[in-house]
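Open the model in your viewer and keep the sequence beside it. This tour goes from stop to stop, saying what to select and what to look for.

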Amino acid sequence: MVAIQLRQFEILPGQSLLLHGIGWSEFEAILAELGEHRSIRIAYDNGWLELMTPLPEHEYFKETISDAVKDIAEELNLDYESYGSTTWRQRAKQAGLEADNCFYFQNEARIRGKLEIDLDHDPPPDLALEIDITRKSLERFPIYARLGVPELWCYDSGTLRIYLLQQAQYVEVAQSQVFPSLAIQELPRLIETYRHQGRLALRRAVRAWVKTQK
């Protein structure tokens, strides 16, 4: 069984393991074997499976930008829901992955209070966050596209890019459709300015920044 064979591999922080010829039932068996409480992150694309262990730098920016999304939503009085690194998958599309974080905004009312979400019946997240500190072997965009996630934020080396799903492909855009009134690309500058002052100072700075743009 592939899940048992994985035990012989040690995936160090910042490294990944790419496997080919993994059927859907094997993919689900691997997820069950790994369990919910784990450091390994996964992506699956039509028989290809990548397992990756993130670096501390990756986790810092994941948490910081996720906090910023929540603080922005609250300052704008927007209902939202966050499902963290939930494993999103659809067998019919042979696609599965875990975003660094994911959020519902436009479809928040449709999933409000749900503890289990099935993409065969429920909408995908409205926004997904990808931190590209560690280079990934498996391209994420086609997986997100097949799952139907409308908006992606991709952070890499101090730059935050916004992509919208248009005709089954992601196109880089200047404005977020979740927060159309804000210059979201300025967030990395805020993070760098306040990073050494602590998380509380940074979160207060994000909220003050939103107020200047309302």
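**Stop 1: helix 7**

Select Leu-202, Ala-205, Val-206, Trp-209 and Val-210: these are the buried residues of helix 7. They share one side of the helix, because they cover an arc of only 140 degrees around the axis. The spacing has a simple background: an α-helix has 3.6 residues a turn, so residues three or four places apart point the same way.

Bear in mind that this is a predicted model.

Now show the whole of helix 7, residues 199-213. Its 15 residues reach 22 Å from the first C-alpha to the last, close to the 21 Å expected at 1.5 Å a residue.

Which exposed residues sit on the face turned away from the buried side of helix 7? Select Leu-200, Arg-204 and Lys-211 to see them.

What do the buried residues of helix 7 pack against? Their partners are helix 3 (56-75) and helix 6.

**Stop 2: Glu-75 in helix 3**

Move to helix 3 and select Glu-75, which lies there. Is Glu-75 buried or exposed? It is buried, with a relative accessible area of 15%; the cut-off for buried is under 20%.

Glu-75 and Leu-202 are 15 Å apart in space, and 127 residues apart in sequence.

**Stop 3: the open sheet**

Turn to the strands. Six of them form an open sheet, in the order 4-7-8-9-10-11. The pairing is mixed. In general, strands of a sheet pair through backbone hydrogen bonds, either parallel or antiparallel.

Which strands stand at the edges? Colour strand 4 (81-82) and strand 11. Each has a single partner strand, so one side of each is left without a neighbour in the sheet.

Stay at strand 4. Two bridges join it to strand 7, and the two strands run antiparallel. Select Glu-81 and look across to strand 7: its bridge partner there is Tyr-104.

**Stop 4: strand 9**

Select residues 151-156, which make up strand 9. Six of its six residues are buried. Both faces are covered. On one side are Glu-151, Trp-153 and Tyr-155; on the other are Leu-152, Cys-154 and Asp-156.

Next, look at the neighbours of strand 9. Strand 8 (residues 127-131) pairs with it in the parallel sense, over five bridges. Find Glu-130, which stands opposite Cys-154.

Strand 10 (residues 159-166) pairs with strand 9 in the antiparallel sense, over six bridges. Here the bridge partner of Glu-151 is Leu-164 in strand 10.

Follow the chain from strand 9 into strand 10. The hairpin has two residues between the strands. Pick Ser-157 in this hairpin: it takes a positive phi near 55 degrees.

**Stop 5: the aromatic rings**

Show the side chains of Phe, Tyr and Trp. How many aromatic pairs does a search of the whole structure find? The search finds 14.

Zoom in on one of them, Tyr-60 and Phe-61. The pair is edge-to-face, at 5.2 Å centre to centre with 85 degrees between the planes. Phe-61 is buried, with a relative accessible area of 8%. Tyr-60 counts as partly exposed, at 25% relative accessibility.

Then select Phe-105 and Phe-179. This pair is also edge-to-face. Its rings are 5.3 Å apart, centre to centre, with 75 degrees between the planes. The pair links distant parts of the chain, 74 residues apart. Phe-105 sits in the loop between strand 7 (101-104) and helix 4 (108-111). Phe-179 sits in the loop between strand 11 (169-173) and helix 6 (187-194). Phe-105 counts as buried at 10% relative accessibility, and Phe-179 counts as buried at 1%.

Together with Phe-105 and Phe-179 they form one aromatic cluster.

**Last stop: the whole protein**

Zoom out and show the cartoon. The protein has seven helices and eleven strands. Its C-alpha atoms fill a box of roughly 55 × 40 × 30 Å, taken along the principal axes.

Colour by burial to finish: 47% of the 214 residues count as buried. Among contacts between residues at least 6 apart in sequence, 60% join residues at least 24 apart.

How values were computed. Residues are numbered from 1 along each chain as its sequence is written. This is a predicted model: local features need pLDDT of at least 70, side-chain atom pairs count only at pLDDT 80 or more; totals for chains, interfaces and linings use all residues. Side-chain values use heavy atoms; hydrogens and water are left out. Buried means under 20% relative accessible area, exposed over 50%, partly exposed in between (1.4 Å probe, protein chains only). Helices (H or I, at least four residues) and strands (E, at least two) are DSSP runs, numbered from the N terminus. Two strands pair if DSSP finds at least two bridges between them. Rings of Phe, Tyr and Trp (its six-membered ring) pair if their centres lie within 6.5 Å; planes under 30 degrees apart count as stacked, over 60 as edge-to-face and the rest as tilted. The expected span of a helix is 1.5 Å times one less than its number of residues. The arc is that of the directions from the helix axis to the C-beta atoms. Contact means heavy atoms within 4.5 Å.
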